Amino acid sequence: MQTTTRCRQTTTTMAYRLDHERGSLRGFRRVVGEQIDKAVIALADPMPPPTAILEARKSIKKLRALLMLCEPRLGRKPWRQLDRQLRDIGRSLAGRRDNDVIAERLAEIAAADTSGTAGTGKRQQNPYCRRLQRVLKSTAQRANADTTNVATDPATARQSLTELIATLPDDHQLAPTRIDLLATILKTRRRARAAMHLAAGADDSELLHDWRKLALRHARHLQLLSSARGDALAARAGEIRDMARLIGMEHDFHLLAAWLATQAPERTQLAHQRELLRRIEHRRLAARKAALIAGAAIFAERRRAADTRSRSHCR
């Protein structure tokens, strides 16, 4: 199948939304191509920085959300195959991202945990935090030097994405009906709402993280259906993303605490480790509480009212 050649020297793209033309939605293949281009550009460097890895993973998640809308036209089996392929590409980059997140959150806490040096007025970082930061830096250097692990090689992910677009049908074959769109929108909202109730019922970071993934997928669907002028769908998608950032913060601190528990401190540093874990837990719980409050407001609408409103947007 013939594909469109795109310029790789620019990152200027249209918004992540479908085209509203004469009462129908178009632009599925355009959005797919743009997100693949963004991910490929982000992974162009053999050793991409953390921000580039993050942008590539975001584009992959947006691709998965878009293709979920196209499932009725693609067929369940071809769709699942594409979704799993994209999921595996995203996961192949996750290990690098986790290490970066742990380092970022540790630096954030370490910056707040400083004390004045007697007689100088200067602020000095906790020696225990400095030691942990050296361990993380060494781990990152070893990971970057490991060329045998192709699963985390950005070039492999970049090649897989480049090949993926050639397997997709044309735009008119991708575009689902309005009924299919409505069914998918309602399904992702119900799943996100159910996951919220599960997460609220137990202090489990993984349940909270599962809720975040489902809520963000729903937000991406709303963004795709929003108009260029901006509307209630885009506003609601923004609220969900703000909530997801809080959940992401909770998960970051959960990862940091789990990693810290694996680092055996010297006897003289046991008190420092306990205090650091206390600070991490305090921030994690604060982020969790704020996310649940925001989620309760976003998903407060009863199912029948939400279904009616969604139908009006898909007409």
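Predicted model: local features only at pLDDT ≥ 70, side-chain atom pairs only at ≥ 80, totals over all residues.

Reader: How many helices and strands does the protein chain have?

Author: The protein chain has 13 helices and 4 strands, taken as DSSP runs (helices: H or I, at least four residues; strands: E, at least two) and numbered from the N terminus.

Reader: What share of the residues is buried?

Author: Of the 315 residues in the protein chain, 43% are buried; buried means under 20% relative accessible area, exposed over 50%, and partly exposed in between, with a 1.4 Å probe and protein chains only.

Reader: Which residues does His 218 touch?

Author: His 218 lies in helix α10 and is buried at 5% relative accessible area. Not counting residues up to four places away in sequence, His 218 touches Ile 185, Thr 188, Arg 189 and Ile 240, where contact means heavy atoms within 4.5 Å. His 218 and Ile 240 are 22 residues apart in sequence, with 8.6 Å between their C-alpha atoms.

Reader: Turning to charges, how many salt bridges are there?

Author: The count comes to 18 salt bridges, each a side-chain nitrogen of Lys or Arg within 4 Å of a carboxyl oxygen of Asp or Glu. One of them joins Arg 217 and Asp 83 at 4.0 Å, N to O. Arg 217 lies in helix α10 and Asp 83 in helix α4 (residues 76–92), so this pair ties together parts 134 residues apart in sequence.

Reader: Are Arg 217 and Asp 83 buried or exposed?

Author: Both Arg 217 and Asp 83 are buried.

Reader: And where does Arg 283 find its salt-bridge partner?

Author: The side chain of Arg 283 meets that of Glu 108 at 2.8 Å, N to O. Glu 108 is in helix α5 (residues 94–112) and Arg 283 in helix α12 (residues 270–298), 175 residues apart. Glu 108 is partly exposed at 32% relative accessible area, and Arg 283 is partly exposed at 27%.

Reader: What about Glu 275 and Arg 279?

Author: Their side chains form a salt bridge of 3.1 Å, N to O. Glu 275 and Arg 279 both lie in helix α12, 4 residues apart, about one turn of the helix.

Conventions
Residues numbered from 1 in each chain as written. Heavy atoms only, no water.
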